[in-house]
Amino acid sequence: MAATGLYVHIPFCLQKCHYCDFPSYPLRHLADEYLRAMAREAENYIAQDISVGTVFIGGGTPTCLASEELERLLALLQRSFFIAANAEFTVEANPGTVTAEKLEVLKAYGVNRLSFGVQAFQPELLAKLGRLHTVADVYAGFTLARERGFANINLDLMSGLPGQSMGQWRETLDKAIALQPEHIAAYSLKVEEGTLFHRQMRAGCLSLPDEETDAAMTAAARERLRAAGFEHYEISNFAKPGCRSRHNLRYWRNETYIGIGCAAWSYWDGVRRGNVTGVADYIARMLAGQPATAEREPVTRQGAMSETMMLGLRLRQGVSRPDFAARFGIDPLEAYPEIIAGLVRQKLIAVDAGRICLTERALPVGNLVFGAFV
Ligand code: SF4
């Protein structure tokens with residue numbers, strides 16, 4: 001069986017950031033029980049002999065676990081799945097929560113990629129975001145990771161922040177580039193319901209850059225990162241040659257993956273499955289021998305085709321027509337003749353014999369294009 005991807009959710013953070021709607025909670029004291037619960041879920045897969053080509057431990061803040069807890073987690077993954085010798089093995093890390101001891105544990109268990117949530121290089125912006133780390137923590141964490149031999153590092157950055165100027169965004173890009181990471185993910189802030197920012201916005205006390213500035217920031221990221229030798233390979237993701245995120249490519253190519261932990265999703269055996277989102281609920285279910293699944297949706301052929309188009313168009317190389325035809329028995333141009341013709345007329349996608357891709361001018365309105373395939 002071809003190797004799949006494995007996502008592992010660690011839902012703990014030291015505190016909640018002001019913009020965050022991810023399933024993450026300041027419940028670090030539940031880590032011991034959570035790992036016991038997760039062991040139960042992972043062990044359910046042992047009998048299936050699943051081979052894994054990419055692992056992504058995300059959150060939350062996986063590195064807020066103590067080094068012994070990280071070791072327990074990694075050991076349980078190792079005994080539950082066949083992790084390929086050449087697997088890409090990523091752990092999300094927040095600056096300020098990495099220590100030499102933790103990095104040594106990660107290294108010993110084959111972790112070969114770190115993803116740091118940096119976001120900004122200005123103390124006042126980090127404070128506005130509710131981030132706990134300092135700019136000095138970014139440099140210290142990055143240097144420590146390099147010293148411990150991590151040769152593949154991603155930095156997450158954010159634009160469109162309250163009070164952020166174009167000058168600050170350029171400074172953030174330049175400082176990130178100067179660290180010479182292998183990968184940069186540059187996202188524009190979206191204010192999500194349920195966050196402090198959302199409440200502040202409704203109360204009229206959140207001052208965000210206007211749409212034009214936000215678009216100019218996104219364009220500046222493309223320009224600066226490309227000039228610094230990064231390939232712009234997905235709407236928000238940039239990589240040095242050979243350093244694209246293999247795990248995230250699985251999502252964008254609509255390939256299979258298994259998710260374990262609360263709020264984790266799987267796409268396996270033609271079914272999308274989502275686990276319960278609450279930490280306590282997840283622990284209770286797993287320790288009582290009940291399934292963690294809260295949502296289960298069989299994916300029809302039609303559904304898989306439209307997801308393959310929507311996700312694949314996020315990639316700059318777009319959707320491969322031969323791969324699509326091999327998977328679904330039909331060329332995308334025959335499956336979506338009117339939608340594709342309309343988008344080509346509007347110059348939002350380009351089609352050649354091999355691929356269908358978003359055009360450069362469609363980058364700011366990508367969501368409109370993806371939505372056309374729903
Ligand atoms: S560190 Fe990340 S996951 Fe945790 S609260 Fe902040 S944004 Fe959310």
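**Terms and values**

Author: Helix 5, residues 135–147, has 13 residues and reaches 19 Å from its first C-alpha to its last, close to the 18 Å expected at 1.5 Å a residue. The expected span is 1.5 Å times one less than the number of residues. Helices (H or I, at least four residues) and strands (E, at least two) are DSSP runs, numbered from the N terminus. This is a predicted model: local features need pLDDT of at least 70, side-chain atom pairs count only at pLDDT 80 or more, and totals for chains, interfaces and linings use all residues. Residues are numbered from 1 along each chain as its sequence is written.

Reader: What makes Asn254 buried or exposed?

Author: A residue is buried if 20 or more other C-beta atoms lie within 10 Å of its own, exposed if 12 or fewer, and partly exposed in between, with C-beta atoms placed from the backbone. Asn254 has 20 other C-beta atoms within 10 Å, so Asn254 is buried.

Reader: What is the phi of Gln180, and what is that of Asn254?

Author: Phi of Gln180 is near 60°, and Asn254 has a positive phi of about 60°.

Reader: Which residues of helix 5 are buried?

Author: Val138, Gly141, Phe142 and Ala145 are buried in helix 5. They cover an arc of only 95° around the axis (the arc of the directions from the helix axis to the C-beta atoms), which puts them on the same side of helix 5. On the other side, Ala136, Thr143 and Glu147 are exposed.

Reader: How do you know that strand 10 and strand 11 pair?

Author: Two strands pair if DSSP finds at least two bridges between them. Strand 10 (residues 265–268) and strand 11 (residues 271–275) have four bridges in the antiparallel sense, so they pair. Trp268 stands opposite Val271 in strand 11.

Reader: What about strand 11 and strand 12?

Author: Strand 11 and strand 12 (residues 293–298) pair in the antiparallel sense over five bridges. Asn275 has Thr293 of strand 12 as its bridge partner.

Reader: Which form does the peptide bond from Gly59 to Gly60 take, cis or trans?

Author: That bond is cis, with omega near 15°. Gly60 lies in the loop between strand 2 (51–59) and helix 2 (67–80).
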